[in-house]
Amino acid sequence: MFISLQDDDAAEPRSKNGSESFDAKHFVTEHILSIFDKTGADGWLNDDIINGYYSMLHREQLRGSLSRKTVFASSFLAEKAVFDTLHDYEPVYPLCPGHFYRTQLSLNSLSDFDYMLCPVNYKKSHWALVIVDLKRRVLRYLDSSEMPQAKVDRVLLGLRMFIVDHYKKFNVVTNIYDWKFEVVQKLPKQSNWWDCGVFVLAYTNYFAYRSTNPLSWGFNQRQCQSYRQQFKQQLTSLEARPLQEVNTLYVTSYVSLPS
């Protein structure tokens with residue numbers, strides 16, 4: 001379980017400048033890490049893993065290791081934006097990983113950043129990713145499988161409403177219809193039903209360390225087993241780093257479910 005930053009401010013160590021920094025050991029446990037070694041329902045990545053990894057990327061950004069000013073949002077943000085009809089976003093800030101989300105998004109406008117990455121855990125059954133280009137005002141939906149268009153629309157409309165409401169809070173002029181939607185095609189796709197979380201982490205890693213253009217990401221399902229172990233190692237060592245590509249000619253793919 002996550003430690004509530006609202007209830008336990010002392011849970012995270014403080015950096016030299018007085019701000020709190022992320023410590024992934026509060027997020028991931030040996031039991032959670034064992035998920036990377038499994039397949040099927042037991043190998044489905046949960047919010048703890050996704051948010052723990054996003055928090056590590058935030059820390060890398062604070063260190064200056066990443067070139068783009070990016071908000072690595074908690075999966076709870078999308079959950080709140082998409083499914084909370086009251087649009088009460090304040091409670092989500094203490095649930096987001098790291099001091100950054102409680103202060104930066106509470107005190108600063110999203111307009112100060114270039115991108116926001118929002119992992120979406122749709123009703124705890126499927127992972128997708130929304131990359132928000134904050135300068136061009138475009139929400140790009142990335143999915144390693146396919147969700148019905150009505151569900152995709154619900155995700156994008158909910159996140160757009162969050163962004164517009166957030167800008168209003170800071171008196172930033174924006175029109176809801178200025179924000180456009182794109183569903184990215186020709187992405188790396190999964191061939192089983194449980195690796196969607198791995199693909200979201202891989203999309204995120206490629207975006208953070210390689211290119212903002214999803215069409216240039218050249219991995220596939222056959223690399224997922226290697227990527228699972230790489231993500232496990234990174235979370236164990238508390239250090240995010242670029243994924244190492246593997247020669248898929250010598251990688252055994254997971255067995256696909258019959259159509």
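**Close-up views of a predicted chain**

**View 1. At the start of helix α3, a side-chain oxygen of S74 reaches to within 2.9 Å of the backbone nitrogen of F76.** Such a polar contact is a pair of N or O atoms within 3.5 Å, where within protein one atom must be able to donate a hydrogen and the other to accept it, and where residues adjacent in sequence count only if both atoms are side-chain atoms. This is a predicted model, in which local features need pLDDT of at least 70 and side-chain atom pairs count only at pLDDT 80 or more, whereas totals for chains, interfaces and linings use all residues. Residues are numbered from 1 along each chain as its sequence is written, and side-chain values use heavy atoms, with hydrogens and water left out. Helices (H or I, at least four residues) and strands (E, at least two) are DSSP runs numbered from the N terminus. Within α3, which spans residues 75-83, the residues S75, F76, L77, A78, A81 and V82 are buried; buried means under 20% relative accessible area, exposed over 50%, and partly exposed in between, with a 1.4 Å probe and protein chains only. The cover over these buried residues of α3 includes α2 (47-62), β2 (115-122), β3 (126-133) and α5 (149-169).

**View 2. Five strands form an open sheet of mixed pairing, in the order β1-β2-β3-β4-β5.** The edges are taken by β1 (70-72) and β5 (180-183), each with a single partner strand, so one side of each is left without a neighbour in the sheet. From one strand to the next, the twist averages 20 degrees. Two strands are said to pair if DSSP finds at least two bridges between them, and β1 and β2 pair in the parallel sense over three bridges. T70 has Y115, in β2, as its bridge partner. Helix α2 packs on the sheet and touches β1, β2 and β3, with a direction that makes about 150 degrees with that of β1. Helix α6 (residues 196-209) also packs on the sheet, where it touches β1, β2, β3 and β4 (138-142), and its direction makes about 20 degrees with that of β3. For these angles, axes are lines fitted to C-alpha atoms, for helices over the stretch in contact, and the angles run from 0 to 180 degrees between N-to-C directions.

**View 3. Helix α2 is mostly covered, with 15 of its 16 residues buried.** From its first C-alpha to its last, α2 reaches 22 Å, close to the 22 Å expected at 1.5 Å a residue; the expected span is 1.5 Å times one less than the number of residues in the helix. At the start of α2, a side-chain oxygen of N46 reaches to within 3.2 Å of the backbone nitrogen of D48. Just after the helix, G64 takes a positive phi of about 85 degrees.

View 4. With a relative accessible area of 2%, D133 is buried. The side chain of D133 reaches the backbone nitrogen of K135 at 3.2 Å. Leaving aside residues up to four places away in sequence, D133 touches D114, Y115, V138, R140 and W179, where a contact means heavy atoms within 4.5 Å.

**View 5. F113 has its place in the loop between α4 (99-107) and β2.** F113 counts as buried, at 6% relative accessibility. F113 and L134 are 21 residues apart in sequence, and their C-alpha atoms are 6.9 Å apart in space.

View 6. Most residues other than glycine have a negative phi. K123, although not a glycine, has a positive phi of about 50 degrees, and K123 counts as exposed at 55% relative accessibility. N171 is likewise a residue other than glycine with a positive phi, near 55 degrees, and N171 is exposed, with a relative accessible area of 70%.

**View 7. The whole chain, given for orientation, has seven helices and five strands.** From the N terminus on, the elements run α-α-β-α-α-β-β-β-α-β-α-α. Of the 259 residues of the chain, 53% count as buried. Among the contacts in the chain with a separation of 6 or more, 67% are accounted for by residues 24 or more positions apart.
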